[in-house]
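Biologist: I would like a close look at a single part of this model, followed by an account of what lies around it. Please take your time and keep the description connected.

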Amino acid sequence: MTHVSIRELTKVYPGSADPALDGLSLEIPTGELTALLGPSGCGKTTTMKMIAGLLAPTSGDIHFDGRSVLSEKPEHRGVVMVFQNYLLFPHMNVADNVGFGLKMRKVPKQEIDHRVKEMLELVKLPDLGDRQPSALSGGQQQRVALARALIVQPNVLLLDEPLSNLDAHLRFEMRDLIRGLQQEMGITTIFVTHDQEEAVVLADKVALILDGRLKQYGPADVFYKRPVDEATARFFGGQNFASGTSDGSVFKSGLGQLKLPDGVNPGPGKLTVRPENIRINAGENMQNSLQAVVTERVFLGTQTLVKLQVGNEKLDAIANPNEVENISVGDSVTISLPPSSLWVLST
Amino acid sequence: MSDRLKIALLLAPALSIIGVLFFGGLLIGLMRSFNYMPVIGLTEPDLSAYIAVFTSREFYLSFLLTFHIAFTSTVISSILAIGSALLLRRTFVGRSLINFLFQLNLTVPHLVGAIGMLYLFSQSGSFARLGAEWNLIAKPSDFPALVFDPYAIGIILQYIWKEVPFIGVIVLANMQSLGEDYESVARSLGASKWQAFIHVLMPLIFPGVLSASIIVFAFTFGAYEIPAILGASYPKALPVLAYQKYTDVDLAARPEAMAMAIVIAALSALMIYFYVRYMRRRIRS
């Protein structure tokens with residue numbers, strides 16, 4: 001178990017003017033599961049490869065338990081990386097794949113066989129040791145890749161988009177397996193994902209990286225409640241923004257005057273409220289109630305998206321289909337924006 | 001029309017040419033090797049040509065020399081080609097130019113290369129003269145015998161020069177399609193660079209290396225022109241010896257030449273079979 005400290009890490013690839021990663025600093029406590037979240041090409045995998053020692057940073061440092069590991073070779077760092085496409089060695093069967101790391105450490109064959117058996121049981125593939133990787137399903141390949149990584153008892157486990165190649169059913173199963181194993185073994189784990197839902201469900205903390213820069217780092221709920229800027233809010237599904245001014249307790253904008261929660265700084269800014277926090281058909285005496293006109297209804301399956309017009313401002317609300325079944329396009333409705341669900345982004 | 005029939009019909013023109021030229025030639029050679037040449041009155045097939053070949057000391061010496069040339073050239077070319085491919089897959093300034101230069105001699109015919117080798121490495125060649133000029137050796141004839149030498153160094157050098165890019169291009173394409181991720185996985189699982197190469201990269205590129213090296217082995221074992229130009233007068237490489245018999249003024253020597261050619265082909269096939277078996281087992285272990 002290792003405390004990982006990433007300090008001002010920057011990577012500029014040869015021939016590229018813009019850095020792939022620009023001054024990333026993160027403290028990842030021992031035994032925590034941290035998600036590096038961001039869209040494709042934002043520098044997440046670059047970060048992982050630098051932590052694993054597979055790529056040298058242009059500048060910055062990486063510390064494990066307070067000790068710089070930049071000069072250490074990948075095989076000596078105690079970091080194992082599980083790649084997005086699993087990369088099981090095609091010329092080895094499942095058991096040989098899982099035992100590969102132990103073989104490289106010259107562990108006696110008998111012990112390797114024993115530990116491989118244990119590990120395959122742990123990932124619920126006890127009878128597949130003799131199979132070739134090509135004969136496995138995507139989910140099974142993922143489990144083998146995980147077993148191959150865990151068998152060497154790494155100090156730090158890196159997972160690159162661990163669930164992206166799996167279908168929805170397997171994704172849930174693997175998510176639980178990863179979380180369960182990580183908690184059982186207490187390995188400091190960093191995983192990369194572009195899926196905010198995956199990051200939120202799986203990780204203790206989330207680091208949002210956009211355009212090679214760290215936007216925000218913290219527990220998942222903070223990204224919903226207190227995003228640092230519009231880009232962060234949008235990445236987490238925020239769609240409602242209204243420019244205006246705050247006096248610290250009230251925000252004045254095209255939506256009118258809305259009471260704010262404590263802790264908002266005075267000054268100009270953008271008010272944001274998450275679509276699922278807007279209450280439709282709220283009583284008029286509720287705090288921050290407004291009159292709105294329904295401009296569109298979109299059935300999303302388990303939810304309904306209701307597009308609203310409030311003065312010159314537009315708002316998107318998400319509601320339970322049962323709650324809005326009597327509402328039609330063109331109807332005037334009373335909506336409420338509870339103060340605790342509001343947040344002001346500085347501009 | 002079934003798919004199988006369609007494929008057979010599509011391949012028919014190419015297969016018929018191969019059939020006529022290759023199997024037809026092989027059949028005629030086989031008949032002649034059994035002393036069946038009605039043109040010169042040999043109508044009673046026998047094994048005398050094969051007996052003459054297998055009881056000749058010169059044949060065994062030639063076989064050993066030819067095997068040495070083919071085996072050494074193939075092994076050294078394969079090793080150098082893998083090393084070159086490992087370097088060329090890296091990103092560095094001027095890689096395109098180096099890549100181009102590496103592949104350039106693929107376009108140069110073997111014969112031209114052999115003449116170049118003669119001009120450069122013979123005891124009257126450019127390097128011998130330069131050595132004498134710069135007082136590294138007393139006179140050009142003191143230059144080590146790399147051409148027409150009993151160890152066939154000149155021939156092997158020529159083959160290496162020509163075959164390294166041939167194998168290298170195949171291996172490089174193989175490595176580039178694999179990428180470096182498999183090795184990265186191995187490194188992060190605790191393998192050193194060497195272990196990642198031996199346990200992961202090498203088995204993955206092995207089919208490509210094997211195919212290319214089989215072609216090189218078969219070619220160098222059966223090639224005539226390079227040993228004819230750069231080889232010593234005794235012992236001669238098998239193809240040179242066979243050709244010498246074939247062009248003998250005595251037409252009766254032809255069955256022996258044909259028997260030798262058939263033996264060369266059979267030995268090539270046999271050695272390739274054992275080479276493939278050995279290498280597969282070695283890689284698996």
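How many of the nine residues of helix α1 (residues 44-52) of chain A are buried, and what encloses this helix?

Modeller: This is a predicted model, and what follows should be read as a description of that prediction. In helix α1 of chain A, seven of the nine residues are buried, so the helix is largely enclosed by the rest of the structure. The buried residues are Lys44(A), Thr46(A), Thr47(A), Met48(A), Met50(A), Ile51(A) and Ala52(A). Just after the helix comes Gly53(A), which takes a positive phi of about 85°.

Lys49(A) leads from this region to the other chain, for Lys49(A) forms a salt bridge with Asp181(B), in which the closest N and O atoms are 3.8 Å apart. The count of salt bridges between chain B and chain A is two, and five residue pairs in polar contact are counted between these chains, both residues of each pair being at pLDDT 80 or more. On the side of chain B that touches chain A, the elements giving two or more residues are α8 (181-188) and α9 (193-222) of chain B, with α8(B) supplying the largest share, seven residues. Taken as a whole, the interface brings 17 residues of chain B into contact with 24 residues of chain A. The size of an interface is often given as the accessible area lost when the parts come together; here chain B and chain A bury about 1,800 Å² between them, and 67% of that area is on carbon and sulfur atoms.

Some backbone details elsewhere also deserve a look. Most residues other than glycine have a negative phi, and most peptide bonds are trans. Gln153(A), although not a glycine, has a positive phi of about 50°; Gln153(A) lies in the loop between α4 (138-150) and β7 (156-160) of chain A and, at 56% relative accessibility, counts as exposed. Asn35(B), also not a glycine, has a positive phi of about 65°, but Asn35(B), in the loop between α1 and α2 (48-54) of chain B, counts as buried at 12% relative accessibility. A cis peptide bond, with omega about -10°, joins Tyr234(B) and Pro235(B), and Pro235(B) is found in the loop between α10 (225-230) and α11 (238-246) of chain B.

Finally, a nonpolar patch on the surface is formed by Ile7(B), Leu11(B), Leu15(B), Ile18(B), Phe22(B), Phe23(B) and Leu26(B), which together have about 690 Å² of accessible area. Ile7(B) belongs to helix α1 (residues 3-33) of chain B.

Note on methods
Residues are numbered from 1 along each chain as its sequence is written. Chains are lettered from A and ligands numbered from 1 in the order in which they are written. This is a predicted model: local features need pLDDT of at least 70, side-chain atom pairs count only at pLDDT 80 or more; totals for chains, interfaces and linings use all residues. Side-chain values use heavy atoms; hydrogens and water are left out. Patches are made of residues with over 30% relative accessible area and no salt bridge: like charges are joined within 9 Å, nonpolar side chains (Val, Leu, Ile, Met, Phe, Trp, Tyr) within 5 Å. Accessible areas come from the Shrake-Rupley method with a 1.4 Å probe; for residues, only the protein chains shown count as cover. A salt bridge is a side-chain nitrogen of Lys or Arg within 4 Å of a carboxyl oxygen of Asp or Glu. Helices (H or I, at least four residues) and strands (E, at least two) are DSSP runs, numbered from the N terminus. Buried means under 20% relative accessible area, exposed over 50%, partly exposed in between (1.4 Å probe, protein chains only). Contact means heavy atoms within 4.5 Å. Buried area is the accessible area (1.4 Å probe) that two parts lose on being put together, summed over both. A polar contact is a pair of N or O atoms within 3.5 Å; within protein, one must be able to donate a hydrogen and the other to accept it, and residues adjacent in sequence count only if both atoms are side-chain atoms.
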